[in-house]
Amino acid sequence: MKKQMLLLLGIIFSLSFLETNACKTALDPLEDPPDESLEKFKELADFANWPGKNGLIREGVNLNKYSIPSLSDASITSKGSQFYYQEAEDGVPALVHHTVHWEKIKGDFLVVDLYIAESCDVIHEYAIQRFFYSSMPFELRVPKKDDPPIAGEISFSGGRRFIRNNIFVEISPHGEMLNRIAAVAKDIDNLLLARPTASSAEEFKPMIQRFEIANSLVESNTTTKLFLEVSDPKGSELYYFWQVTAGGIGKNEYGEWYYDSSWVDPGTTQTITVVVINDRGYYRSSSIDIKIKQ
Amino acid sequence: MRKLAIIILGWLFSSYGLLPVAYSLPWPPTISVYSIGFNYESGYSNDALAIKKGRGSTMPTPEWLTGSRNERFAYIKSQTNRKVRVQFYIEPSGYSNSNISVYAEVSGEGIGYINTNTVYFQGSQYSTPKVMTCQGSVAGSADIRSFSWSWYCNAVNGNPQEEPLVIGTTGDHTYYVLLASPQAPMSEPWTDVLDYSCDWASGQSSSSGALTKVVQHIYNDLDLYYDTYDGSPRYTSNGVTGVFHLNQFLNEVPGSYMVNCYDCGKAVKVFANAIGCGASYQYCSPFGYENCIKPIGCGWTNNPFYDSQSYPYNQPIVGEDDPYRTRFGNHAFGALSGNIYDACLKVDTDSNPDYGPPFSESWATGWSWSTYKSKVIDNNPPSSPGNPASYDFNVD
């Protein structure tokens, strides 16, 4: 009888154990809220041990200028190669974002995004935040490190994302392109490896020789010429991003930049910032303050 | 003696240019419209709203400049008697101290005709700009409309013309009709955004109707695909206050790119508020297991991150009550007055919504949070979603 009781208790205990474990996989409203902070995420991702945080920085690459062997049967779409200046946000300093979009046929496409920071530790921070902010449940977001790396100093998810020096590369395939991730990652990494490195970003950055406004005291509702002289150490193609606290920037028929003070409140001081980006992923910015006449 | 006086006067006048104006100037004068300003003063109680051409770029004024400029402008639905500021040019120069009476007839879907106004040339061939009132009203629903004005002159220096002088036609003038004053983050809407929003919401006169259309067009028309690998955003850094990269979004759509719910929810707010819908962006964390949904650009799934999973969870449809399938850790959408407008997914609303086929497809629009979660979130395995909270964000 005692033996039977023990057996029964044993069965009840093991059933309750199984049920408890099964429930842990589902969302249990009675559980304490788990720690889903960025710090915890970094710990789970072994972020502290990601290699290359203090390494050299590397020149980026304009992917539109090179052929990618693994994408030789696809073409870059008309909107598919752009450079953007991404302002500082959430503790990550400003970056240059280069994006290229290849398509083979409708639905079979692949996007490569290069994020270029001015130091390796910045790009590491940016990368971990890219993994952290997603719609997936916390535990599924933790990046799966490739061992050995498929590309870069560290890569994740079969080369879908990798870091080479100060450059974070994301590959987003769709349709038939899903099979090419590793090959594309290796091709892009080879292009990056052929670029020079340096201990500071300074030698890669474009130069702004002159940024002035024709008259720093501007009438409201007028246009005023801006003088902008820039150059690039390697003669790269340059892209311009403008920021104004009020008013706007335009270019006239002679290719000259101007500040438009339409509807800007008289008596105020406004700041105009130009960001010049080269197609190797580096930028330089300059700002001027102007006064709007009372 | 009288004859002699006339001869002398005639000689004086002809020799020294002192002939009376009426005799020396060619008739009729050549009059043209030089410029039309639609947003000519701050605010919009009289004139058009302030809009932008894009990031860091103001709309030049006056919007219409003869031969060189024809920009768009914007009004709020049903506004009446809009005012415009018009400047004329007159030839020859001898008319530079004249006045003319002008009016305009309208063709197309305009903001009205213009009754006779007197315009003055005060020592210049360019008139003093004249503010004129349009007799008519703006359309009663969101739209993009075009019209032209045919301008006439019916008096010069107070002398009425039997047959009005034809000045010419201006236009096509194209304008946006918004539902209300635009709101953040598009309080000064960009024309590139209005091109989409006003087209999508064309014919809608309510915020809820316009918002439904915005959701449907984002889902159907922009060739975007949900990121079924890991649900990463493309146009924003996070699901809360992260900047929405609108300039990049506009460069890329329509085009095959992968997005998540943050992108779709923020796009809803941007495109809806450009026309004054008053939408909010809401983020909900945690979320839960989904019934069958059709994420933007994808097929049906009750396991939304199937692309990153191994067998058997690498399939879009898995066991309906399977707790090991993937789920949304968080989710975001547009909202209006507590009702949800989700451009990221459609949902199965048949009697067995967590499995299929068959599927019964519904838009997730205009639902209260309790209705939304009962339709989108599966009841088994149980989920414990948070409450959606609104977040503001900027665009760049």
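In this predicted model, E3 and E4 of chain A form a hairpin. Two residues lie between the strands. One residue in the turn, A:Gly107, has a positive phi of about 95°.

How much of E4(A) is buried? Seven of its nine residues are, so the strand is largely enclosed by the rest of the structure.

Now step back to the whole of chain A. The chain is divided into domain 1, residues 38-198, and domain 2, residues 205-292. The centres of these two domains, taken over C-alpha atoms, are 31 Å apart. Ten residues is the count on one side: the contact takes 10 residues from domain 1 of chain A and nine residues from domain 2 of chain A. Which strands supply the domain 1 side? Strand E2 (75-86), strand E3 (95-105) and strand E4 (108-116) of chain A each give at least two residues to it. By class, that side of domain 1 has six nonpolar, three polar and one charged residues.

Next comes an open sheet in chain A. Four strands make it up, in the order E10-E16-E15-E12, and the pairing is mixed. Strand E10 (217-218) and E12 of chain A stand at the edges. Each has a single partner strand, so one side of each is left without a neighbour in the sheet. E12(A) runs antiparallel to strand E15 (residues 269-278) of chain A, and seven bridges join the two. Within this pair, A:Trp242 stands opposite A:Val274 in E15(A).

The next topic is the interface between the chains. In it, 37 residues of chain A are in contact with 43 residues of chain B. The largest share, four residues, comes from E2(A). The residues of this side divide into 15 nonpolar, 14 polar and eight charged.

Chain B has seven helices and 20 strands. Is the chain spread out or compact? Its radius of gyration is 30 Å, well over the 21 Å that the globule rule gives for 396 residues, so chain B is more spread out than a compact globule. Along its principal axes, the C-alpha trace of chain B spans about 120 × 30 × 30 Å. Of the 396 residues, 47% count as buried. Take the contacts in chain B between residues at least 6 apart in sequence: 72% of them join residues at least 24 apart.

Finally, look at helix H7 of chain B, residues 369-376. Its residues B:Tyr372, B:Lys373 and B:Val376 are buried. Seen down the axis of H7(B), the buried residues fall within an arc of 90°, so they line one face of the helix. What covers them? The cover includes strand E16 (293-295), strand E18 (339-348) and strand E19 (361-368) of chain B.

Note on methods: Residues numbered from 1 in each chain as written. Chains lettered and ligands numbered in written order. Predicted model: local features only at pLDDT ≥ 70, side-chain atom pairs only at ≥ 80, totals over all residues. Buried ≥ 20, exposed ≤ 12 C-beta atoms within 10 Å, placed from the backbone. Arc of directions from axis to C-beta. Contact = placed C-beta atoms within 7 Å. Domains from an automatic or database assignment. Nonpolar A, V, L, I, M, F, W, Y, C, P; charged D, E, K, R; others polar. Rg over C-alpha atoms; globule rule 2.2 N^0.38 Å. Pairing = 2+ DSSP bridges.
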